Amino acid sequence: MLDERAKSFRVGLIGCGRISDIYLKTLAKFHEIDVVACASLDIEESQAKAVKYGIPKACLPDEIFADAEIDCVLNLTVPAAHADVSLRALKAGKHVYSEKPFVTDFADGARILDVAASKGLLVGNAPDTFLGGRWQTVRSLIDEGVIGKPTGVFAHVGTHGTERHHPNPDFYYARGGGPLLDLGPYYLTAMVFCLGPISRVAGMSRRTFDRRMIENGPRNGQWMPVDVDTHSLSLLEFDSGAIGDMTMSFDVWDSEAPRFEIYGEDGTICIPDPDPVHGANVFQGDVLYRTRETARWTHQPRPVGRDAWQVANNRHGFNEDSRGLGLLDLALAVSEGREPRASGALAYHVFEVMAAIEKAPREGIYQSITSRCDRPEPLPLNFKKDLTETSHAC
Ligand SMILES: NC(=O)c1ccc[n+]([C@@H]2O[C@H](COP(=O)([O-])OP(=O)(O)OC[C@H]3O[C@@H](n4cnc5c(N)ncnc54)[C@H](O)[C@@H]3O)[C@@H](O)[C@H]2O)c1
């Protein structure tokens, strides 16, 4: 019934670059969503994307805002354009779902939430990885009390940036980029999903290189300026009393540390190397836990055969890259009259945390976080499992 009501939620895509492919592949699985037009700064790029994914119209961004048939703008532009595109979409009366980071300026974040509230529109924001099977499993373990009361969290990602795999990596080193704003949203969103909102932070950061070379694609050999810090450390305190430390880096050649761990009074949850390729967070993968009763790590889901784990054993779906799942949840939220799980309020809180981590070393003191959001509800068990049960273990 809900799916029926949300049917023909018409989406206009703005930003037809690298990340748009996985969104379009995921959204094609959801009958509730129709991507009816796509636009970018480059009409040829948009036309190619429209042909590849059978999108009826390739056009300029202004035509998406002006199209009365479009319910929601999917904003997959570069970080510096996020706020402008989202605000224009809302002012045109459309819901909006944007890539991370939410904004590059905190004041823009408040403006987006205010305009949306005044017009009765919903705002959703990536990352939606916490809706994937791996993070839903972690949340279930916490909610079922397997590790007792959570006391701490640790997250470490060490990469050497994006210039070896992204053909146009400039935005990662411009204002709005850097490892904290690029990778931080995955980890901080997962933390808030599991542990609730953050109350206080401290931080330290450095910039190892003033320029970096593009090392792939047509621009191989070109130098880019680096305008942001590229090695970031932070301390976090949660409303719940749990505390955490987080390292996000584009300056680390290799590390055995990449992992995400949650400590509790009665046990530990460990998420080994969240993504061995990019160090970024993913939907799928092994979750380990160990309690005061067990001498070894328990795998969740239980390992079967040669695979580290098997989807069939997982109570949760979406154990593969499913970017766009958050947009489906937003479409359902519109019809159900609720907030989306990957909400603007969550993204705003996470952005405030990141902005405060950046500010802390300049001011030399702990930064209090003013915004709050609820822990997003987990997805219902077996949500859309029919779409994902043929997925392969990673
Ligand atoms: N590439 C990845 O692996 C990846 C992964 C996760 C998230 N993201 C996020 O997705 C977003 C896009 O990344 P990407 O890698 O696809 O970038 P990209 O450079 O490949 O593509 C950016 C697209 O946005 C369009 N664009 C830029 N400014 C615009 C504006 N003002 N108005 C309209 N269109 C505009 C460009 O024409 C292009 O189509 C970023 O916020 C990034 O952080 C990227």
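Select Pro-179 to begin: this residue lies in helix α8, which covers residues 178-195. The model on display is a predicted one. Pro-179 has a relative accessibility of 0%, under the 20% cut-off, and therefore counts as buried. Show its surroundings next. Leaving aside residues up to four places away in sequence, Pro-179 touches Gly-184, Asp-229, Thr-230, His-231, Met-248, Ser-249 and Phe-250. Then select Thr-159, which is 20 residues from Pro-179 along the chain. The C-alpha atoms of Pro-179 and Thr-159 are separated by 8.9 Å.

**Strand β7**

Proceed to His-156, a residue of strand β7, which comprises residues 150-158. His-156 counts as buried because its relative accessibility is 14%. Residues to highlight around His-156 are Thr-247, Ser-255, Ala-257, Pro-258 and Arg-259; it touches each of them, with residues up to four places away in sequence not counted.

**Strand β8**

Now select Ser-199 in strand β8, formed by residues 198-206. Is Ser-199 buried or exposed? With a relative accessibility of 14%, Ser-199 counts as buried. Its contacts, again without residues up to four places away in sequence, include Glu-237, Phe-238 and Asp-239. Gln-367, Ser-368, Ile-369 and Arg-372 are also touched by Ser-199.

**Backbone features in the loops**

The next stops concern the backbone. Select Lys-100 and Pro-101: the peptide bond from Lys-100 to Pro-101 is cis, and its omega is near -5 degrees. Pro-101 belongs to the loop between β5 (95-98) and α6 (106-119).

Move on to Ala-126 and Pro-127, which are joined by a cis peptide bond with omega of about 5 degrees. The loop that holds Pro-127 runs between β6 (123-125) and α7 (133-143).

Phe-318 is the following selection, in the loop between β16 (298-300) and α9 (325-336). Phe-318 counts as buried, because its relative accessibility is 3%.

How many residues of domain 1 are in contact with domain 2? Seven residues of domain 1 are in contact with ten residues of domain 2.

**The whole protein**

Finally, clear the selection and view the entire chain. Its secondary structure consists of eleven helices and 17 strands. The radius of gyration is 20 Å, close to the 21 Å that the globule rule gives for 394 residues, so the protein is as compact as a globular protein of that length. Along the principal axes, the C-alpha atoms fill a box of roughly 60 × 55 × 45 Å.

Of the 394 residues, 57% count as buried. Contacts between residues at least 6 apart in sequence may also be displayed; 73% of them join residues at least 24 apart. If charges are coloured, the protein has 42 positive and 54 negative ones, and their mean positions are 1 Å apart.

Conventions: Residues are numbered from 1 along each chain as its sequence is written. This is a predicted model: local features need pLDDT of at least 70, side-chain atom pairs count only at pLDDT 80 or more; totals for chains, interfaces and linings use all residues. Side-chain values use heavy atoms; hydrogens and water are left out. Helices (H or I, at least four residues) and strands (E, at least two) are DSSP runs, numbered from the N terminus. The radius of gyration is taken over C-alpha atoms; the globule rule is 2.2 Å times the number of residues to the power 0.38. Buried means under 20% relative accessible area, exposed over 50%, partly exposed in between (1.4 Å probe, protein chains only). Contact means heavy atoms within 4.5 Å. Lys and Arg count as positive and Asp and Glu as negative; His and the chain ends are not counted. The place of a charge is taken as NZ of Lys, CZ of Arg, CG of Asp or CD of Glu.
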